[in-house]
Amino acid sequence: TIDAQKLIENLKKKLMPDSNSVDTSKMTDEFSFYHVAYRAEKGDKFIVPGLKIKEKRLLNKHMQELVEKVKVFKDKNDSKSVELDVIKRLNEIAYLFKTAEYQYENEIRLVNRGIGFEKMIGNEGYPPKVHINLVDIAPVTQEITLGPKVARADEWAAAFYYSLKKRDLTPSIVISKLPFK
């Protein structure tokens, strides 16, 4: 969990190092934050914590319309290339959806094209992954949650604690209690 406003300030300082004051009021011009939608198995409902009831109903209505339109599209379209294009476009937003078990995270994701940041190529694994290093997030970190797949989570929590404590940073560190791995 991070302080989004401070993160944006740090990102803008990195992009505009000569600027003395950073105006974050137009942060959506360069950086976009998106709420993650959590899908409940029963009833195919999408949940976004903090969303108003009217907005939740509208989201679920649109998602149902999308499901129906994709079914109609698949029935009417014989072109594999068009179908692959639709799948590719839907996969571009797949990272904004998780199962309902994760809804307690109330996750928001930063989406950025990486313009103004050096591109790095990770050679671990195949295919190689391109990524960018934004800014140091430790100073804006408020909480660290170690997920259920983390082996020896208590040791990792201690390592994070002592590493951050050396920098006079004290975010809370939580070990997930989700019942699955």
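Author: Trp156 and Phe160 both sit in helix H5 (residues 153–165), four residues apart, about one turn of the helix. Helices here are DSSP runs of H or I with at least four residues, strands are runs of E with at least two, and both are numbered from the N terminus.

Reader: Which aromatic pair do Tyr161 and Tyr162 form?
Author: An edge-to-face one, at 5.0 Å centre to centre and 85 degrees between the planes. Rings of Phe, Tyr and Trp (its six-membered ring) pair if their centres lie within 6.5 Å, with planes under 30 degrees apart called stacked, over 60 edge-to-face and the rest tilted.

Reader: Is Tyr162 exposed or buried?
Author: Exposed, at 55% relative accessibility. Tyr161 is partly exposed, at 38%. Buried means under 20% relative accessible area, exposed over 50%, and partly exposed in between (1.4 Å probe, protein chains only).

Reader: And how much of the chain is buried?
Author: Buried residues are 20% of the 181 in the chain.

Reader: New topic. How many helices and strands are there?
Author: Five helices and nine strands.

Reader: Where do these numbers come from?
Author: This is a predicted model, where local features need pLDDT of at least 70 and side-chain atom pairs count only at pLDDT 80 or more, while totals for chains, interfaces and linings use all residues. Residues are numbered from 1 along each chain as its sequence is written, and side-chain values use heavy atoms, leaving out hydrogens and water.
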